[in-house]
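Try each task yourself before you read its solution.

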Amino acid sequence: MNLEEVKNQFPESASEIKVLEGLGFAFSRDGWIDNLELKQAQTACWLVGKVGDDQDADALFRILSNSRPELWRQAATSLTLIATERHLTRLLSILSTSFDPVQRETIVYTLSFLITYQVTPEIITAVITALTAVAASKAEMPSVRA
């Protein structure tokens with residue numbers, strides 16, 4: 001989907017998309033979302049999920065692994081639409097090392113809803129194993145287990 005299609009499909013967001021276009025959305029560079037105000041950054045994460053590619057998925061992954069937790073949920077939601085097997089592996093890595101319950105919850109959410117058709121059986125097994133372990137762990141916060 002391109003930006004014009006997104007504007008037509010989501011007319012209530014057209015003005016926000018135009019603002020992001022004015023800020024260089026189409027020519028985004030590494031880390032550009034981190035420099036936006038919160039509302040713009042959330043909209044940018046949402047928009048990346050609609051029109052993004054593998055490089056944009058890398059940017060969303062970086063958001064999930066950094067210290068701006070107010071963007072984690074939107075980045076996770078958008079990542080479910082454009083992530084690749086490579087991102088699944090990296091998400092599993094964050095899940096195995098993070099102690100932040102909010103970050104763990106967003107990673108589990110992303111892994112649970114990731115839509116990808118080019119995943120090896122080994123990665124599918126690793127994701128199922130990780131999610132099963134999280135769900136079974138009484139040490140996990142209820143929001144993460146859910």
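The buried residues of α4 pack against α3, α5, α6 (85-97) and α7. Before going further, keep in mind that this is a predicted model, in which local features need pLDDT of at least 70 and side-chain atom pairs count only at pLDDT 80 or more, while totals for chains, interfaces and linings use all residues. Residues are numbered from 1 along each chain as its sequence is written, and side-chain values use heavy atoms, with hydrogens and water left out.

## Exercise 1: the covered helix

Work out how many residues of α4 are buried, and which ones.

Solution. 
- Step 1: Helices are DSSP runs of H or I with at least four residues (strands are runs of E with at least two), numbered from the N terminus. Buried means under 20% relative accessible area, exposed means over 50%, and partly exposed is in between (1.4 Å probe, protein chains only).
- Step 2: count. Eight of the eleven residues in α4 are buried, leaving the helix mostly covered.
- Step 3: name them. The buried set is Asp56, Ala57, Asp58, Ala59, Leu60, Phe61, Ile63 and Leu64.

## Exercise 2: α3 against α4

Describe how these two helices cross, and say which residues meet.

Solution. 
- Step 1: look at the axes, which are lines fitted to C-alpha atoms (for helices, over the stretch in contact), with angles from 0 to 180 degrees between N-to-C directions. Those of α3 (residues 38-51) and α4 (residues 54-64) come within 10 Å and cross at roughly 145°.
- Step 2: check the hand. α3 passes α4 in a left-handed crossing; that is, the near helix is turned anticlockwise from the far one by less than a right angle, whereas clockwise would be right-handed.
- Step 3: list the contacts, meaning heavy atoms within 4.5 Å. Cys45, Val48 and Val51 from α3 meet Asp56, Leu60 and Ile63 from α4.
- Step 4: sort them by class. Ala, Val, Leu, Ile, Met, Phe, Trp, Tyr, Cys and Pro count as nonpolar, Asp, Glu, Lys and Arg as charged, and the others, Gly among them, as polar. That gives five nonpolar, no polar and one charged residues in this contact.

## Exercise 3: buried or partly exposed?

For Leu91, Trp46, Lys7 and Asp34, decide: buried or partly exposed? Then find what each one touches, skipping neighbours up to four places away in sequence.

Solution. 
- Leu91: this one sits in helix α6 and counts as buried because its relative accessibility is 0%. Leu91 is in contact with Phe61, Leu64, Leu79, Ile107, Thr110 and Leu111.
- Trp46: look in helix α3. Its relative accessibility is 18%, so Trp46 counts as buried. Trp46 touches Val6, Phe10, Ser13, Ile17, Gln74 and Ser78.
- Lys7: this lysine is in helix α1 (residues 3-9), and at 10% relative accessibility it counts as buried. Lys7 touches Ala14, Ile17, Lys18 and Glu21. The C-alpha atoms of Lys7 and Ile17 are 7.2 Å apart.
- Asp34: find it in the loop between α2 (14-22) and α3. Its relative accessible area is 37%, so Asp34 is partly exposed. Asp34 touches Ile63, Asn66 and Arg68.

## Exercise 4: the second largest pocket

Say what lines the second largest pocket, then zoom in on Glu105.

Solution. 
- Step 1: On a 1 Å grid over the protein atoms alone, a pocket is an open set of points with protein on both sides within 12 Å along at least five of seven lines, a cavity is a set where a 1.4 Å probe fits but cannot get out, and lining residues have an atom within 4 Å of a point.
- Step 2: find the lining. There are 15 lining residues, with Glu105, Val108, Tyr109, Ser112 and Ala146 nearest the centre. Elements giving two or more of them are α5 (72-82), α7 (101-113), α8 (121-136) and α9 (142-145). α7 has the largest share, five residues.
- Step 3: sort the lining. It divides into eight nonpolar, four polar and three charged residues.
- Step 4: zoom in. Glu105 lies in helix α7 and, at 18% relative accessibility, counts as buried. Beyond its neighbours within four places in sequence, Glu105 is in contact with Arg73, Ser143 and Val144.
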